[in-house]
Amino acid sequence: MDAFFLYGFLQRALLAGVFIAIACALLGVFLILRRDAMIGHGLAHISFAGVALGLFLNMMPLAVALFVAVAASMIIMKLKVTAGLHGDTAIAIFSSVGFALGVLLATLSHSFNVDLFSYLFGEILAIDTSEVLFSVALAFVVLCLVVLNYHKFLYMTFDRESAKASGVNVDRLDSLLTVLTAVTVVLGMKVVGILLVSALVVIPAAAGLQLAKSFKQAIGLSTSISVASVVLGLYLAFLLDLPASGSIVLLSFLAFVLLFVLRRTRK
Amino acid sequence: MDSAVAKQGRLIDIRKVSYDYGYGDVLKDVSFPINTKDFLAIIGPNGAGKTTLIKIILGLLKPHSGRVEIMGKTVEEFKDWKMIGYVPQKATSIDSLFPVSVKEVVAMGILSSLRFPRLSEENDRRVFTALKQVGMEDYKHRRIGNLSAGQQQRVFIARALADRPKILILDEPTTGVDARTREHFYDMLHKLNEDEAITIVLITHEVGIINRHVAQVACLDLTLVYHGSHDEFCRSDEFKRMLAEGHHLVSHHH
């Protein structure tokens with residue numbers, strides 16, 4: 001256990017992982033209650049196009065993915081409101097198109113290699129110092145914005161019309177929440193990879209929602225489960241030489257199953 | 001400005017408001033005032049445009065013609081929305097699994113208007129006072145989904161009251177509530193109207209069941225067919241016509 005905290009690469013992974021885990025769980029709670037759980041999945045696939053583009057242009061893939069995901073999230077928002085597409089249609093279309101574009105770009109730039117795979121499956125243990133700083137800073141901004149708008153987000157998630165009637169600018173906050181989700185998904189991608197990042201957004205939050213009697217409890221439980229999954233998952237990965245992403249996601253799923261069963265047996 | 005309006009006693013002025021959803025008119029040329037300390041019931045059959053009118057007053061919908069003035073300002077200019085407490089119809093059909101406590105629901109209105117929200121002692125007291133006003137202070141740690149429809153309705157009223165409004169607008173507040181609870185409910189509104197001088201506006205499609213505490217009636221059926229005191233409404237031709245048409249008019253007036 002001691003060795004676990006001694007290695008520089010583990011410290012970096014833990015630092016970035018914990019911050020990102022908190023951001024993911026916080027947003028996850030709101031997204032699930034807004035019936036918007038799939039947006040994380042969609043935006044992750046779209047960020048794949050960003051990563052491929054970054055590798056293609058030889059620019060920092062994380063930054064390009066961030067730009068692409070934020071732009072796409074705003075377009076999806078607009079389409080949802082104005083285009084008259086049914087529910088998840090915009091997300092479904094965008095996520096597949098994003099992935100298709102990514103495959104194309106990756107092939108064109110001959111970058112179907114270890115680098116690309118690290119984005120698909122996550123390689124938090126290989127995160128470098130500049131990426132840690134980038135991730136922690138962004139995750140911190142996300143956390144601050146969520147905390148500052150916590151009550152507005154809660155009000156409009158629970159009772160949109162009353163929130164609007166009492167002067168909450170719900171349209172602007174919708175956009176803010178979507179952009180924050182895009183940023184968080186791109187950050188989470190570094191931890192568990194494009195293919196599993198939506199799990200990090202949805203599963204700890206879904207687990208926390210099983211037992212919560214108040215919103216505060218929901219937030220507290222979800223973030224705790226998220227952080228615990230990341231820390232324990234990294235530990236197991238280090239100890240048993242397992243992939244970190246898979247360990248983290250399966251641990252959070254374990255927490256979900258436990259809490260789900262607990263709730264069902266309580267009744 | 002405010003004092004002049006207060007002297008006049010006019011809080012809301014609805015002027016020649018018309019609206020349609022694209023399949024014919026819903027409201028046509030509706031004009032009437034809402035004054036300080038009114039206890040007004042907006043009545044009319046289903047689809048008579050009652051909820052639409054409320055949404056126009058709250059700025060959630062824009063009228064196609066005409067306008068609404070609140071304290072002498074148009075809805076676009078009006079900023080002090082805390083003055084109007086809104087209790088939506090949906091209160092009875094909330095997501096019953098939503099993890100939110102009664103206290104958190106009541107605090108939503110206060111805290112969402114602050115730049116750096118914190119549940120300070122002062123806000124905590126406001127939440128408690130509002131819960132006490134509706135008799136729900138013992139339920140503050142309960143999850144909202146575990147309460148009955150009538151109790152949930154009270155919590156939503158407490159949320160509106162916590163903002164210390166001058167007007168309380170309630171959309172179909174007693175739907176799905178038994179007769180005894182309904183009576184208690186109107187007594188509570190009456191107390192708020194009398195003791196706190198809060199103007200009460202409520203809408204109901206149950207044209208007949210007008211509680212004795214209601215002082216004014218506005219009857220909508222596309223146009224405004226009646227606006228005046230509850231007493232006169234009971235003697236009016238409109239009332240008799242609606243009775244004859246079978247709107248189940250059983251006025252609880254005496």
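Here is a short chat about a few features of this predicted model.

Reader: What makes α4(A) and α5(A) roughly antiparallel?

Author: Helix α4 (residues 61-82) of chain A and helix α5 (residues 89-108) of chain A pack at an angle of about 150 degrees, and their axes are 10 Å apart. Angles over 145 degrees count as roughly antiparallel, so α4(A) gets that label relative to α5(A). As for handedness, α4(A) passes α5(A) in a right-handed crossing.

Reader: Which residues make the contact?

Author: From α4(A) you have A72(A), I76(A), L79(A) and K80(A), and from α5(A) there are A90(A), I91(A), F94(A) and G98(A). Sorted by class, that contact has 6 nonpolar, 1 polar and 1 charged residues.

Reader: How do you know that β9(B) and β10(B) pair?

Author: The cut-off is at least two bridges. Strand β9 (residues 216-221) of chain B and strand β10 (residues 223-229) of chain B have 6 bridges, in the antiparallel sense, so they count as a pair. For example, A218(B) sits opposite H227(B) in β10(B). The hairpin has 1 residue between the strands, and there L222(B) takes a positive phi near 75 degrees.

Reader: Where in chain B does the pLDDT stay under 50?

Author: One such stretch is residues 1-7 of chain B, with 5 contacts beyond four places in sequence in the model. Over residues 249-254 of chain B the pLDDT is also below 50, and this stretch has 19 contacts beyond near neighbours in sequence. Chain B as a whole averages a pLDDT of 84, with 87% of the residues scoring at least 70.

How values were computed. Residues are numbered from 1 along each chain as its sequence is written. Chains are lettered from A and ligands numbered from 1 in the order in which they are written. This is a predicted model: local features need pLDDT of at least 70, side-chain atom pairs count only at pLDDT 80 or more; totals for chains, interfaces and linings use all residues. Helices (H or I, at least four residues) and strands (E, at least two) are DSSP runs, numbered from the N terminus. Axes are lines fitted to C-alpha atoms, for helices over the stretch in contact, and angles run from 0 to 180 degrees between N-to-C directions. Angles under 35 degrees count as roughly parallel, over 145 as roughly antiparallel, 65 to 115 as roughly perpendicular and the rest as oblique. A crossing is left-handed if the near helix is turned anticlockwise from the far one by less than a right angle, and right-handed if clockwise. Two residues are in contact if their C-beta atoms, placed from the backbone, lie within 7 Å. Ala, Val, Leu, Ile, Met, Phe, Trp, Tyr, Cys and Pro count as nonpolar, Asp, Glu, Lys and Arg as charged, and the others, Gly among them, as polar. pLDDT is the predictor's confidence in each residue, from 0 to 100.
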